[in-house]
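Please read it alongside the sequence and the model shown below.

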Amino acid sequence: AAVTSPLRACRGILKEIRFMKGSGYRHTHVYKYVLDQFRRNQVTGAQYCRERMDALHTACTYQCLLTSTRVHLHLHELYHARGERDPEQMAGLVGLRLPTQPGGKGWET
């Protein structure tokens, strides 16, 4: 995971939490914990956080994990959740069409 700004990492994690929890995500413990961790690792004039870059890298890695999990679940639902499909549907999933014969019948003429 590429290290970006702390604000971008925080927003990315909160965006993934919003996708998982819905509109009431601000009232969850996860939301409060993430904000608390980002506030705790801020650099101020009175305090310097030595682990700032480590915490930022961990946050970016966690954001990547959340995004990848969401995309994986979407793909799993799209391709594996329906059971058996007929050949025309399977060909349509990969962007192909089955060949047809003139007259609408099989191979006989």
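## Salt bridges

In this predicted model, the count of salt bridges comes to 2. One of them joins the side chains of E16 and R70, with a distance of 2.8 Å from N to O. This pair links distant parts of the chain: E16 belongs to helix α1 (residues 6-21) and R70 to helix α3 (residues 52-80), and the two are 54 residues apart. With a relative accessible area of 3%, E16 is buried, whereas R70 is partly exposed at 33%.

A salt bridge is also formed by the side chains of R40 and D36, at 3.1 Å from N to O. Both residues lie in helix α2 (residues 29-40); because R40 and D36 are 4 residues apart there, about one helical turn separates them. R40 is partly exposed, with 48% relative accessibility, and D36 is partly exposed as well, with 34%.

## The largest pocket

How much space lies in the largest pocket? The volume is about 550 Å³. Its lining consists of 19 residues, and those nearest the centre of the pocket are V34, Q37, F38, N41 and A59.

Helices α1, α2 and α3 each contribute at least two residues to the lining of this pocket. The most come from α2, which supplies 7 residues. Sorted by class, the lining of the largest pocket holds 13 nonpolar, 4 polar and 2 charged residues.

## Aromatic rings

A pair of aromatic rings is described by the distance between the ring centres and the angle between the ring planes. Across the whole structure, the search finds 1 aromatic pair. The partners are Y25 and Y31, whose ring centres lie 5.4 Å apart and whose planes make an angle of 85°. The arrangement of Y25 and Y31 is edge-to-face, because planes over 60 degrees apart are placed in that class. Y25 and Y31 are both buried.

## Cysteines

A disulfide is a covalent bond between the sulfur atoms of two cysteines. The count of disulfides in the model is 0. For C64, the nearest cysteine sulfur is that of C60, at 9.4 Å. A disulfide requires two cysteine sulfur atoms within 2.5 Å, and C64 is therefore in no disulfide.

Is C64 buried or exposed, or does this residue fall in between? C64 is partly exposed, with a relative accessible area of 42%. C10, by contrast, counts as buried, with 10% relative accessibility; the limit for that class is under 20%.

## Histidine 57

Where is H57 placed? H57 is in helix α3. The relative accessible area of H57 is 35%, so this residue is classed as partly exposed, the range between 20% and 50%.

The C-alpha atom of H57 is separated by 9.1 Å from that of A9. Along the chain, H57 and A9 are 48 residues apart.

Note on methods:
Residues are numbered from 1 along each chain as its sequence is written. This is a predicted model: local features need pLDDT of at least 70, side-chain atom pairs count only at pLDDT 80 or more; totals for chains, interfaces and linings use all residues. Side-chain values use heavy atoms; hydrogens and water are left out. A salt bridge is a side-chain nitrogen of Lys or Arg within 4 Å of a carboxyl oxygen of Asp or Glu. Buried means under 20% relative accessible area, exposed over 50%, partly exposed in between (1.4 Å probe, protein chains only). On a 1 Å grid over the protein atoms alone, a cavity is a set of points where a 1.4 Å probe fits but cannot get out, and a pocket is an open set with protein on both sides within 12 Å along at least five of seven lines; lining residues have an atom within 4 Å of a point. Grid points are joined across faces, edges and corners, and a volume is the space filled by probe spheres set on the points. Ala, Val, Leu, Ile, Met, Phe, Trp, Tyr, Cys and Pro count as nonpolar, Asp, Glu, Lys and Arg as charged, and the others, Gly among them, as polar. Rings of Phe, Tyr and Trp (its six-membered ring) pair if their centres lie within 6.5 Å; planes under 30 degrees apart count as stacked, over 60 as edge-to-face and the rest as tilted.
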